[in-house]
Amino acid sequence: MKKEFIFALESIQKNIRSSAELRTSFWMNIFGMALNNIAFILIWVFLTQTVGSIGGWTVYDVIGLQGFSSFVFGFSMSFNGGLHRTSLIVSSGTFDQFLTSPKNILVRLATSYLHVSAIGDMLFGAICIGIYLYMINAGFTQIILTLIILIFSILVFTGVTICIQAISFYFTDPDSVTRSIFELFFTPALFHGGAFQGPVRFIFIFIIPSLLIGALPVESITHLGYLKALLLVILSIAWFIFSIWLFNKSIKKYESSNFMTFGQ
Amino acid sequence: MMIRDRMAYPGRLIVDTFGIVARCGVLLFLYQYIFKIKGGQINGINFTTASWSMFLYFSFMTLRLRDISSFIMQDIKSGTIEILLAKPINYLLYRIWWQIGAGVYPFLVVSFFGSILLAFLVGVPSTMLSLFFLLSFSLTFIFSIIISVLIYSLIGLLAFWIEDIKPLFWIVDKTVMVLGGSYLPVALFPPLMYQIALWSPFGAAQFITHTVYTTWRFDYLKMFGIQILWIVILTGIVSIVFRRAHKKVSVNGG
């Protein structure tokens, strides 16, 4: 376990160093993405200005929601960027290089790629979470709760991503399918959390866990809702365990196209 | 040729369909709730009108006109632009028609089935049931295509000077998304934002979303005027930038 962790860190370091070689492009990607993320905040702030509070959500909650969604997405794309390329790797037949690696396949795959712009997402997310905590006058308990919840939001996001990408092993042209399902999962995570009520809320917590990324964390922190936080913890662990099982099972479906390449 | 290509490989269509379901479908549920708790009317529009306004935006996006930026950037980065510029064709027109051709099939399929489904689920606003709507919508739709293509071509051409245009593309694309009335119908904008959406090229590229409002009948001439103005301005800018870019390219025979 310790060896895998050290390997993952070294792999991530290598990814960052190689991306930073093109310095201007590297920084433009980071700051461009951070600016780009303001769009959703503007949309929901305009909506709140026009119609008032929805489901008890204020403008600060909207900022917190975008903060959590951006940070979790950015973290996953930065440090587990390879996971999001599984469909491309499988369809091109280059998955062989991961199978033949002496390291843990999932760790090796996850840390094989870094999306530079995702660092901008993380930066933007961290700033938004900071603003959100400041605006709601967060106390010590809320700050600690934020840090704990962030870990489990990342865990559920990673788990669902692994599940989606595991589907790649069952299709001949998996890229369109995985991208579509990911879209279905992640897009609602960016929507105004207060508007998810009744059966729609149930669906997006228990079936498609989009609300576990941003909406549920924000509600837990704003109102110190420990039950919601506990639900998030339980579901994220369940998703993560299920995803590892599904991935290991799905790998057996992989058919090598005998396209051997050396690792990056 | 591009339409036949898209029919043979339905991957893009699957992505587009799921994209619409994920965005538009979930938005419908959310806005249904919002309109319900606010008494059925917000800023003079009801849920049906808001739904169609957003649907028109997402359906228009399946034309994927914005992809022209990345294709131009790829041509420049890979050096293919040298070959294309040496041919007896206008490079920009070639790229524009190629892009439109690539998007027509998913656009027609998604729009046709999406319209039927939406009409079945939320009904059709009375503003859409007239010959005036059909004619004015068609005209603003064409203008919207031209403005979109010009904006995104301009971003693509900047790849002659900037190493990576992606960050610039994201910002412009998101500005079109916000001001075009994607996730928030333009009728629900605060007054200042509405004015910015009305007078900026980013909002003008999506005037099709205004066509379902009752105000469209009174404002359509002004909006046509704004669109034509932006077409003239953007055409001028794109021509100048393209001419300057052309001078930067050195085509070597071999």
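**Chains A and B: the interface and a helix pair**

Modeller: Chain A and chain B bury about 3200 Å² between them, 78% of it from carbon and sulfur atoms. This is a predicted model: local features need pLDDT of at least 70, side-chain atom pairs count only at pLDDT 80 or more, and totals for interfaces use all residues. Side-chain values use heavy atoms, without hydrogens and water.

Biologist: What makes this area "buried"?

Modeller: Buried area is accessible area (1.4 Å probe) that two parts lose on being put together, summed over both. By that sum, chain A and chain B bury about 3200 Å². A:Asn36, A:Ile43 and A:Phe46 supply 16% of what chain A buries against chain B, more than any other three residues.

Biologist: How many residues of each chain are in contact?

Modeller: Contact means heavy atoms within 4.5 Å. On that test, 36 residues of chain A meet 36 residues of chain B.

Biologist: Why is helix 3 of chain B called roughly antiparallel to helix 6 of chain B?

Modeller: Angles run from 0 to 180 degrees between N-to-C directions, along axes fitted to C-alpha atoms over the stretch in contact. Helix 3 (residues 47-61) and helix 6 (residues 91-122) of chain B pack at about 170°, axes 10 Å apart. Over 145 degrees counts as roughly antiparallel, so helix 3 of chain B is roughly antiparallel to helix 6 of chain B.

Definitions and conventions: Residues are numbered from 1 along each chain as its sequence is written. Chains are lettered from A and ligands numbered from 1 in the order in which they are written. Helices (H or I, at least four residues) and strands (E, at least two) are DSSP runs, numbered from the N terminus. Angles under 35 degrees count as roughly parallel, over 145 as roughly antiparallel, 65 to 115 as roughly perpendicular and the rest as oblique.
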